[in-house]
Each structure stands twice: as structure tokens, then as C-alpha cells.
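Look over the sequence and structure first.

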Amino acid sequence: MTSPRLEIDLAVITANAKVLTSQLHRHGISVTGVTKATLGSPEIARAMIAGGVTQLADSRVENLMALKESGIRVPLTLLRSPTPKQVPAALACATTLVITDPDVVMAIDQAAGMRGPVANVILMAEFGDLREGLMPDDLIAIATRIRRLAHVRLAGIAINLACFSGVIPNHAVMDKFLHLVNDVERIMRYPLRTISGGNSASLTWAQTEPTPHRVNDLRLGESLLLGVDPLTRQPIAGLGTDAFTLVATVIESAMKPTHSWGSTAQGSFGITAHDSTHTQSTSVRTVVNVGVQDIDPADITAPQGMRIMGASSDHLVLETPHRLTAGTEIRFGVGYGSLLRSMTSPFVAERLRLPYTAPSRLEGAGSRQAAIGQSG
Ligand SMILES: *Cc1c(COP(=O)(O)O)cnc(C)c1O
């Protein structure tokens, strides 16, 4: 078996999707599964669909293309605006495009006119997170303009928070968003199909909001895949957090001084490695065959007793309780940053555990257990 590799337990993803879709169904909200952290993996997308996800979304045209070419037939939304040049390719694979700029709307009108059918767009509103989105007044101006376009249909409005500045989707901001939805519907003179209330960070709002509201969609990636709330990175009750396990192999393990020596400047990524917490003058340093190209050393969980000291592009350095034989496999839990990198690194193989093969695996879900594996 090759290493490094990412072991993917599809049953955990399906189980997470079942829990979230049924909880949100009670609040009138359907789930759009977001696949961008998995390079648009059709297998993972199918695991989400098996759990009740009815639509998929990704930020990259190439990933949506891969989903479509794999034969997936649920509606696909492009989450990040295409460039004007990418619009024809985007229209060829996406059912709906999320847009935040008037020039792109005009490019869509032109391209859709040549293709024939009307293009569905969702306008993303800016409510303080300052990544992407139209300021409310600008959004109303574009909605007004879309009314006069022959080939663009306004299918919905969306909000996206907690992705860039960590702005929390609370009652106050969601209330303002819903007022904007009403204003836009008054202009369009028809009810919008999609009122998308945000990403995984909106789950707490959606499940605790006491007043009736019109949000009918959430776009969920991290919560479905990793079972955690992105606002706190804490596990969400009832969800499995161990769908993904990164397995890397020991290539060096030796007793060394606990502190670097010689005169020091910056390391290869502008940061110096963690200092050892050992009081002794020596400890065992173990190197495994992944690096910053494959994982984020700040977003990976080592087995109990091991400590991550840092990483360069291709070496991850651990402090381990004792010397490990070269070839020993170590299993790590991954956070979103490490998931994204390991799924996109050409050096990390993927090994799928197919759904429904071993139901007993689900019993331990939620613990994000990492352990030393078999050597091999
Ligand atoms: C990535 C992304 C999501 C999914 O976010 P998660 O925190 O992974 O649930 C939703 N909406 C947009 C616009 C995104 O870019």
C-alpha cells in the first residue's frame, strides 16, 4: 500500500449527510453539498447524495466538470464567480452560477444568449466578512438590471460569512440579509427559488433561530466532511469526525538534542519550528514523508503522545516517545486545511472505504482517533 495516503471512509460522510439533511429538513432547509475540499471527488459527492444531499456545489469549474463527467445528475452550482472568459465553460457544467460583479453578469447574458437557454444566477451579498459579495445597494442595482436581461434569470440570493474575517452568522446579520431578500423580491416581482443562508458556519443559526424565515438552502462542506463547526472547530454532536485519515511513513527516527544549535534565521516558510517542551537535553525526533505541500502542520492531529514540531515542503517532524523503525506508518487526523492539501497533492494517494461495508466502523465515529498503524 502506498504512502502517504488519505484513507476515506465514505460511510461516515453518508452518515453525516443523513444527520444534517434530516435536522435541517425540519427547518425547511435543504443541503447543497460542497465538494471543493475534495477536488470535486465524484465518490465523495455520491456519498453525500446517498445521505440526502440534493444538490452539489464547488468553487472551481474543473471540479464541476469532473462531477458532471462522472455521470452525477443532481443540480450543480458554481460557488465562485467565473472570469468573463470562463463563462461558457461554467455554463456548460453548472446549473446555477453564484455571481458578485456586474461585468460578469453581462458576460453571462452574452454567452447564455449564444447557447440558447436562460442562465440561472444567484447573487452573493456582502454582509461584513469581506471576501466576496455585493454591497446590498449594488446588489439591488444589479437585480434591477437583470430584470431587463433576456438570458439571465435571478434564481436566488446568498450570504457567505466566516470564510475570511470570521464574521459570525447571528440573528442580527441574518435578519438584515432576509430584509434584503424581501427588497429584491419586490423588485423582481416573483419569489426567488433559492435563499441560501451560508456555509457550515450557519448551522448553529439555522438550528436555533426562533423566528420563521425564508432561508431554504445551506451550502455545507466542512461539517459534512469533517463533522466540525468551522466557527469553533469543535465536533458537531451526532457527526463523525474521522472520515479522513492521513497515513504517512517514518523515514528517520533518532535521539537528538531538544534545541537547534548554530546561529538561526528564518526557516523555509518564514517561521521557526516549535521548541521542544522536554526538560531533558535530548528527545526522539521522527520524520515522516509528508510536508507543507501535502498537509498544513498546524491543522493535523498526531497520535496521542506524539507532538508535531513543524514541517518544510516535504518533511514533517514529530517528537515521539520512543524511536520508531523506518517504514512504520503513522495515522493522523486532518482538519480542513490539511484535507484540502492532501486531496490536491499529487503525492498523496487516496484509498476509499466504500459505504455500507463495515457498519461497526461508525460506532467509534466522533473521536478522531489517530493511532500508530501497521508497519508496511
Ligand atoms: C467553501 C464554500 C462553502 C462551504 O463552506 P464550509 O465551511 O466548508 O461549509 C459555502 N459557500 C461558499 C461560497 C464557499 O466558498
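## Loop residue and ligand site

Asn 199 sits in the loop that links strand E8 (194-196) and helix H8 (203-208); helices (H or I, at least four residues) and strands (E, at least two) are DSSP runs numbered from the N terminus. This is a predicted model, where local features need pLDDT of at least 70, side-chain atom pairs count only at pLDDT 80 or more, and totals for chains, interfaces and linings use all residues. Residues are numbered from 1 along each chain as its sequence is written, and side-chain values use heavy atoms, with hydrogens and water left out.

**Asn 199**
- Asn 199 is buried, at 13% relative accessible area (buried means under 20%, exposed over 50%, partly exposed in between; 1.4 Å probe, protein chains only).
- A polar atom of the Asn 199 side chain is 2.8 Å from the backbone nitrogen of Ala 201.

**Ligand shell**
- The ligand is surrounded by 14 residues (a heavy atom within 4 Å).
- Lys 36, Arg 131, Ser 200, Gly 221 and Glu 222 are the closest.
- The shell comprises 5 nonpolar, 4 polar and 5 charged residues (nonpolar: Ala, Val, Leu, Ile, Met, Phe, Trp, Tyr, Cys and Pro; charged: Asp, Glu, Lys and Arg; polar: the others, Gly among them).

**Ligand contacts and burial**
- A side-chain N or O atom of Ser 200 lies 2.5 Å from a ligand oxygen.
- A polar backbone atom of Gly 221 is 2.8 Å from an oxygen atom of the ligand.
- For Glu 222, a backbone N or O atom lies 2.8 Å from a ligand oxygen.
- The ligand alone exposes 380 Å², and the protein buries 95% of that (Shrake-Rupley method, 1.4 Å probe).

Terms used
Polar contact = N/O pair within 3.5 Å; in protein donor to acceptor, adjacent residues only side chain to side chain.
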